[in-house]
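My notes follow in the order I made them.

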Amino acid sequence: MLIGELSRRTGVPHRLLRYYEEQGLLCPGRDSSGYRVYAPDAPHVVARIRGMLAAGLSTGAIREMLPCATGAGPGIDPCPEVLRTMAAYLDRMDTDIADLRRRRAALAAFRDATEARQERVP
């Protein structure tokens, strides 16, 4: 299938599909006219890429993990390093979440103190 059909079937713009190709996530062939030709499973691959990006994985991590993503269902075959990469991302996310909670608590304390001052103003 050509890029236009893949774009229509997945809802992903042409430009983004070309970006995925630049990042080594999609590897279309070329026809005699030089047009990109995608494999029949390309819509599943694009859906998998979109899901992995939504999960917070970088294109580099996706590039390493994508060969282990077989079939159209969720999950990835446990190829070497896949679970380790996922665990590292989850650890980073947990750290980020804890940091956001601390920052939110600090901002809420500033807001509460500001509101308290406002109440004391005659």
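**Entry 1: a threonine.** Buried here means under 20% relative accessible area, exposed means over 50%, and partly exposed is in between. I note at the start that this is a predicted model. I looked up Thr85, which is found in helix α5. Is Thr85 buried or exposed? Its relative accessibility is 15%, and the cut-off for buried is under 20%, so Thr85 counts as buried. I then asked which residues Thr85 is in contact with, leaving aside neighbours within four places in sequence. They are Ala61 and Met65.

**Entry 2: helix α1.** I went to α1, residues 3–10, and listed what is buried there. The list is Ile3, Gly4, Leu6 and Ser7. Why do they lie on the same side of α1? They cover an arc of only 165° around the axis, and that puts them on one side of the helix. For background, an α-helix has 3.6 residues a turn, so residues three or four places apart point the same way.

I looked at the other face of α1 next. Turned away from the buried side, that face carries Arg8 and Arg9, which are exposed. What covers the buried residues of α1? The cover includes α2 (14–22), β2 (36–37) and α3.

**Entry 3: just past α1.** Directly after α1 I found Gly11 with a positive phi of about 75°. Pro13 lies in the loop between α1 and α2. I have Pro13 down as partly exposed, because its relative accessible area is 47%. I also checked Pro13 against Ile3: the two are ten residues apart in sequence, and their C-alpha atoms are 9.2 Å apart in space.

**Entry 4: cysteines.** How many disulfides does the structure hold? It holds one. The disulfide joins Cys68 to Cys79, with 2.1 Å from S to S. The angle about the S-S bond is -130°, and the link of Cys68 and Cys79 is left-handed. Cys68 and Cys79 are both in the loop between α4 (59–65) and α5, eleven residues apart.

I compared the burial of the two partners. Cys68 has 7% relative accessibility and so counts as buried. Cys79 has a relative accessible area of 25%, so I put Cys79 down as partly exposed.

Cys27 is in no disulfide. The nearest cysteine sulfur to Cys27 is that of Cys68, 15 Å away. Cys27 is exposed, with a relative accessible area of 70%.

**Entry 5: the largest pocket.** I took its volume down as about 190 Å³. Which residues line the largest pocket? I wrote down Arg48, Met52, Ala55, Leu57, Met65, Gly75, Ile76, Met86, Tyr89, Leu90 and Met93.

By class, the lining of the largest pocket has nine nonpolar residues, one polar and one charged. I then sorted the lining by helix. α3 (42–54) and α5 (82–120) each supply at least two residues. Which element gives the most to the lining? The answer is α5, with four residues.

Conventions
Residues numbered from 1 in each chain as written. Predicted model: local features only at pLDDT ≥ 70, side-chain atom pairs only at ≥ 80, totals over all residues. Heavy atoms only, no water. 1 Å grid on protein atoms, 1.4 Å probe; cavity = no way out; pocket = protein on both sides within 12 Å on 5 of 7 lines; lining within 4 Å. Points joined across faces, edges and corners; volume = space filled by probe spheres on them. Nonpolar A, V, L, I, M, F, W, Y, C, P; charged D, E, K, R; others polar. Buried < 20%, exposed > 50% of the residue type's maximum accessible area, 1.4 Å probe, protein only. Arc of directions from axis to C-beta. Contact = heavy atoms within 4.5 Å. Disulfide = S-S within 2.5 Å.
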